Amino acid sequence: PGGGAALRLRSTRAPLEGINKPVIDRVIRVDHAGEYGANRIYAGQMAVLGRSSVGPVIRQMWNQEKTHLKKFNELMVAYRVRPTVLLPFWNIAGFVLGAGTALLGKKGAMACTVAVEESISDHYNNQIRTLMEEDPEKYKELLQIIKQFRDEELEHHDIGIEHDAEATPAYSVLKTAIQLGCKAAIFLSERI
Amino acid sequence: LRCQHYPPLRALQASAALSRVSDEHKKEPLTSPSQQQFDSHPDGHQPKQEPQGPRPSYTGQGGQESEDYESEEQLQHRILTAALEFVPEHGWTAEAIAEGAKTLGLSVAAAGLFHSDGSELILHFVSECNTKLSELLEQEQKLVQLGEAEKKPTDEFLRNAVEARLRMLIPYIEKWPQALSILLLPRNIPSSLSLLTSMIDDIWHYAGDQSTDFNWYTRRAVLTGIYNTTELVMLQDSSPDFEDTWRFLENRVADAMTMSNTASQVQSTGEAVVQGLMGAAVTVSN
């Protein structure tokens, strides 16, 4: 075709060739929901603690989550994945969780961060395992992205620990409750 | 896995015999007993690849042809395609399928491969139409990317896509009400729903929808509503070249656009009001 050499036609079908669509669908849907929820959690925390001494720390972590969400928005469009119906729910639940734990104080907010980031890192590790079992070559780009995000979530986790998350009253109870919630959220967002 | 080539006629006669036996088990799709029969042969039948199991996949493309070998699914595909020619005369029935099989040089017993209510024929037709629509939209997209065509505004794009898809019904319009009622049988609803949703998703995708929030659902729900109502209007339309239907479609799409504009206006007004109130609160507290 004339002029075809210089112009690379980007068919929107290209990324979809030969991938295991059900698996990739789930991966992207749940990760998108997760980053969306994380965004809302930090937004809730900022609403309460924005002007406190941990404000800048939270804001920085929030900005990183915003980048993550942006990336998953792009992937969602590229792979034509349906977002979870529960998004409006995660919108509110995330904000409430963030604001609620922030009302427990700075340590409470950090405890929430630790709990959530630990859940997310575990979850990303599971996904990395799944994709490696499927086909590490085919999903190279996706694997790279998830690995990078997992590392950044682990950083957030460490920041939370540094800021005395473990000194929160009823830390283990709070942490367990939040992580259970995260597990449920992951389970549902993969499917619905 | 290299498989024995089963001459189609023998396969059909075997299936036909089986179908008489399996007629009592009306709930099973007729293809599965025959599938199991073939699988028990030592030089087995090519196993079905698609994730949905033994039932022919209506939502994807048929199997690839490798050299001489034709899978059962491809054969059924060919028979159903040939049968479409006879639908205007015989309706979506086993007669049409039998006639189609005859034109391919096969025995009329081939109709026994399929359900007597014509479900597979209709689902096949819908799947083919959807594929044609996707290809049309893909072509259009290429032209726009090459700069040989203008990008259409969303309402025009949606209108054209729905019209193009509905026009594919025109040769079969007399018998389409029958088809719709069969598509609504509980047994067929998973397949017909899946075909409908993937078609609507395709249209929005090519229209350039990039929503990743709840809008994704709203837009598809609205377009599904537009498509279904326009289809029903078309069934009762006797105007020349269905111009009443296309006018109805235009109005519905315009309504949808207005609704979405109003919704975003309401949202931004709401946001402005909230900001105003916050400002007032801050002022009062100072």
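I began with the second largest cavity and listed its lining, which consists of M76(A), V77(A), R80(A), V81(A), D201(B), H205(B), D209(B), Q210(B), S211(B), T212(B), W216(B) and R220(B). For this entry I took a cavity to be a set of points, on a 1 Å grid over the protein atoms alone, where a 1.4 Å probe fits but cannot get out, with lining residues having an atom within 4 Å of a point.

The model is predicted, with local features needing pLDDT of at least 70 and side-chain atom pairs pLDDT 80 or more, while totals for chains, interfaces and linings use all residues, and side-chain values rest on heavy atoms, without hydrogens and water. Residues are numbered from 1 along each chain as its sequence is written, and chains are lettered from A in the order in which they are written.

I noted a volume of about 120 Å³ for the second largest cavity, a volume being the space filled by probe spheres set on grid points that are joined across faces, edges and corners. The search of the whole structure found 4 cavities of 30 Å³ or more. I then asked which helices supply at least two residues each of this lining, and found α2 (55-78) of chain A together with α9 (189-207) and α10 (215-235) of chain B. Helices here are DSSP runs (H or I, at least four residues; strands are E, at least two), numbered from the N terminus. By type, the lining divides into 4 nonpolar, 4 polar and 4 charged residues, where Asp, Glu, Lys and Arg count as charged, Ala, Val, Leu, Ile, Met, Phe, Trp, Tyr, Cys and Pro as nonpolar, and the others, Gly among them, as polar.

For chain B as a whole I recorded 11 helices and 0 strands, and of its 286 residues 41% count as buried, that is, under 20% relative accessible area with a 1.4 Å probe and protein chains only, whereas exposed means over 50% and partly exposed in between.

Next I looked at I192(A), in the segment after α6 (171-191) of chain A, and found it partly exposed at a relative accessible area of 37%.

Last, I turned to backbone angles, remembering that most residues other than glycine have a negative phi. A170(A), in the loop between α5 (140-162) and α6 of chain A, has a positive phi of about 60 degrees and counts as exposed at 52% relative accessibility. D241(B) also has a positive phi, of about 50 degrees, and lies in the loop between α10 and α11 (243-285) of chain B.

Methods: On a 1 Å grid over the protein atoms alone, a cavity is a set of points where a 1.4 Å probe fits but cannot get out, and a pocket is an open set with protein on both sides within 12 Å along at least five of seven lines; lining residues have an atom within 4 Å of a point.
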